[in-house]
Amino acid sequence: MNKLELSSLYQLTMVRFRLFLREPEAIFWIFIFPILLAVGLGIAFRNRPADVLQVGATTAQLTQALTADKGLTAVTVDEAMGTHQLATGQILLLAIQRPDGVVYKYDDTNPDARTARLVADRAVQAAEGRRDAVRADNDLVHETGARYIDFVVPGLLGMNLMGSAMWGLGFSIVEARQKKLLKRMVASPMPKWQYLASFLLSRLAMLLIEVAAFLTFTRLVFGVPFRGSLLELGLLCLMTSLAFSGLGLLVASRAKTMEAVSGLMNLVMLPMWILSGIFFSASRFPKLIQPVVQALPLTAAIDAIRGNMLQGTSLAQQPAPVAILLVWMVVPFAVSLWIFKWR
Amino acid sequence: MTNGAATLGTRVAEGGTSLLLRGVKKAFADVKAVDGVDLEVLRGECFGLLGPNGAGKTTTIEICEGLTEPDAGTVELLGLNWRANAGELRQRIGIQLQETQFPDKLTVEETLRLFRSFFKRGISVDESIETAQLEEKRGARVGGLSGGQKQRLAMATALVGDPELLFLDEPTTGLDPQARRHLWDLVDELKHAGRTIILTTHYMDEAERLCDRVAIMDHGKVIALGTPNELIASIGGEDIVEFAVVESIDSPVPKAGSPPHGPGPVRWDPGPGAPVAHGRVDEAILLGIPGVKSHRVDAGLHQLAVSETHTVVPRIFTALTEHGLHLSEFRTHSATLEDVFVRLTGRNLRDE
């Protein structure tokens, strides 16, 4: 047996690798799932001609006026039928002919319906002879970096870093506690810090593979841009992973059963899935809750990664998310080391 | 024998003390799990903590192992204590805990390599595999091992550091008889190699088979201490006679249609409302028989501690017949630690 094999830190870290690699489900969720998700979203939101909006009108004349616009397809329905179709989402807007003019019935919280309202009104007015006061032409761009897939890849990366770090630490530790393995470990002369360090070491090695595989794939298949420093991107991923490892440790520091830790884990992660801007910008949430949204580690991580990849912003140029991540790297670790229970 | 510490005093000088407990107490909420325990285990001894579940054995052994902090009292192992010498003690003792589940997806060898890496000195992984007789399972995953093999693996993880003091907490609980015997052989080997072993068990036969000395625990206290033979002799009889009687001469017959009473002798069950369930025997009559040392009744079953069984048994038959009592059940066996426990507590070990 050589010297390395006699090192307990080496043995503990190797055990983490072995246990991970012998768990096919874990490999799927960490390596394959994010790529599948990116593929799915890439297909669903691939660039295509602007949507043609479905609308309805109560008279044939109105329908004709609406259909004249390239952006609309219109059907003629009576008011009751149209209202029903509106409610079931078959049409976005119903134009109703009244003696004194036209009434548009639509949901103003739906962006597509608002667009339909503008386009429909333009078509109706044009049919009645209105002319544009100013001549306007369009110059369309489809630039890399502004597509939805470019937006969502950093989000998925952040989400994956959160999931793998939290599940990786939280689940394994609570499982060991539940099986009385933790107790057995501290009954041996094992240095306790090495047990936790082995999780971090194996996490970092896995991180390298996981991030590289995901980003290479999205680069090759979707041409997602990397405008910032790759070194800084790596550093951001490392910070994100460490921050969530600390959070995973915190969640696992007392839980005695897998059910308890699963619940806690979802409690911690669910708000971030919703609020942290994985699939759409976090700035869409009301001003009132923005301080909370911005303080979440996943929001900070995704913001910083997006800044790096899409705008080429350096870490020095985005001190706020970096500072937030740093705080999340330190505080949960410190608290969990303080309250951690070995049995 | 309730104060066995006296017999201990004579032996202390011989081999030196491996483990010393003085006035150890531990309470969980309002339950006194360990209530003033004094113990002294000698170097090279196999010492058993025996008692029913909940007697405080595991708490006691975990206090010795430095896993539980006692509320009061002193604990000394190999002349060291947990407060000042935890690091050194962890290197010098071996521990097998109750119900540890090692990771299913590691192999036997990987598990032992991991545990070996924690110790500065010790035996090689190969030696530990050999000692635990797991050679054939070296490359097998832990999840595929039988209960006995898992328990031997747990034993091997306790042995890799070549411990001076070995703690085994209920090493055979839940094992089938063959696996138990296999594990006993392993403990025997360790004993002969001169290791000090402290084990807990609620199996009387296990304690009798393995231990040089036994402390019987009940409700957090040591109620008896000594070699198994000393303890058995202490209840004042070498054999135990158990019998049940029915009072009436007329109808000691099982009611038609009533199911048999499990394996073994059939007990007459008169059913509800019958005049007498089990015959009463005047204790004075039984104690008056020469050779009968003690008497107790447990669920209608009379238990006598007797010496010279061959002369006492005919006298018991005669005495019962004279008083119009009929035997419905009768057996004798050599006294065991179980009988010691019954005598001391009035309860059976397995009742818990």
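Which residues are buried in α9(A)? In this predicted model, the buried residues of that helix are A:S198, A:F199, A:L200, A:S202, A:R203, A:M206, A:L207, A:E210, A:V211, A:F214 and A:T218. Their packing partners are four other helices of chain A, namely α2 (8-21), α3 (24-44), α7 (148-178) and α10 (230-252). Helix α9 itself covers residues 192-222 of chain A. Just after the helix, A:G223 adopts a positive phi of about 65°.

Chain A is assigned two domains. Domain 1 is made up of residues 3-45 together with 144-339, and domain 2 of residues 53-127. Between the C-alpha centres of domain 1 and domain 2 of chain A there is a distance of 47 Å.

An open sheet of four strands is found in chain A, with the strand order β2-β1-β3-β4 and mixed pairing. On average, neighbouring strands are turned by 25° against each other, direction ignored. Within the sheet, β1 (residues 53-57) and β3 (residues 93-98) of chain A are paired in the parallel sense over three bridges. One residue of this pairing is A:G56, whose bridge partner in β3(A) is A:L94. Two helices pack on the sheet. Helix α4 (residues 60-67) of chain A touches β1, β2, β3 and β4 of chain A, and its direction makes about 170° with that of β2(A). Helix α5 (residues 79-87) of chain A touches β1, β3 and β4 of chain A, with a direction at about 160° to that of β3(A).

Chain B contains 13 helices and 13 strands. Of its 352 residues, 43% are buried. Among contacts in chain B with a separation of 6 or more, 71% are between residues 24 or more positions apart.

In chain B, strands β1 (residues 17-28) and β2 (residues 31-42) run antiparallel and are joined by nine bridges. B:K25 has B:D35 in β2(B) as its bridge partner. The two strands form a hairpin with two residues between them, where B:A29 takes a positive phi near 55°.

An open sheet of four strands is also present in chain B, with the order β11-β12-β10-β13 and antiparallel pairing. Strands β11 (292-298) and β13 (326-334) of chain B stand at the edges; because each has a single partner strand, one side of each lacks a neighbour in the sheet. The twist from one strand to the next averages 20°. Helix α12 (residues 309-322) of chain B packs on this sheet and touches β10, β11, β12 and β13 of chain B, its direction making about 15° with that of β10(B).

Strand β12 (residues 301-306) of chain B pairs with β10 (residues 239-246) of chain B in the antiparallel sense over five bridges. It also pairs with β11(B), again antiparallel, over six bridges. Residue B:H302 takes part in both pairings: B:F243 stands opposite B:H302, and B:H302 is likewise the bridge partner of B:V297. Strands β11(B) and β12(B) form a hairpin with two residues between them, and B:A299 in the turn has a positive phi of about 50°.

B:L286 belongs to helix α11 (residues 283-288) of chain B. With 20 other C-beta atoms within 10 Å, B:L286 counts as buried, the cut-off being 20 or more. Not counting residues up to four places away in sequence, B:L286 touches B:V281, B:V292, B:H295 and B:L304. The C-alpha atoms of B:L286 and B:H302 are 10.0 Å apart, with 16 residues separating the two in sequence.

The contact between the chains takes 21 residues from chain B and 19 residues from chain A. On the side of chain B that touches chain A, α4 (82-92) and α5 (108-116) of chain B each supply at least two residues. The most comes from α5(B), with four residues. By type, the residues on this side of chain B divide into ten nonpolar, five polar and six charged.

Notes:
Residues numbered from 1 in each chain as written. Chains lettered and ligands numbered in written order. Predicted model: local features only at pLDDT ≥ 70, side-chain atom pairs only at ≥ 80, totals over all residues. Domains from an automatic or database assignment. Contact = placed C-beta atoms within 7 Å. Nonpolar A, V, L, I, M, F, W, Y, C, P; charged D, E, K, R; others polar. Pairing = 2+ DSSP bridges. Axes fitted to C-alpha atoms, helices over the stretch in contact; angles between N-to-C directions. Buried ≥ 20, exposed ≤ 12 C-beta atoms within 10 Å, placed from the backbone. Expected span 1.5 Å × (residues − 1).
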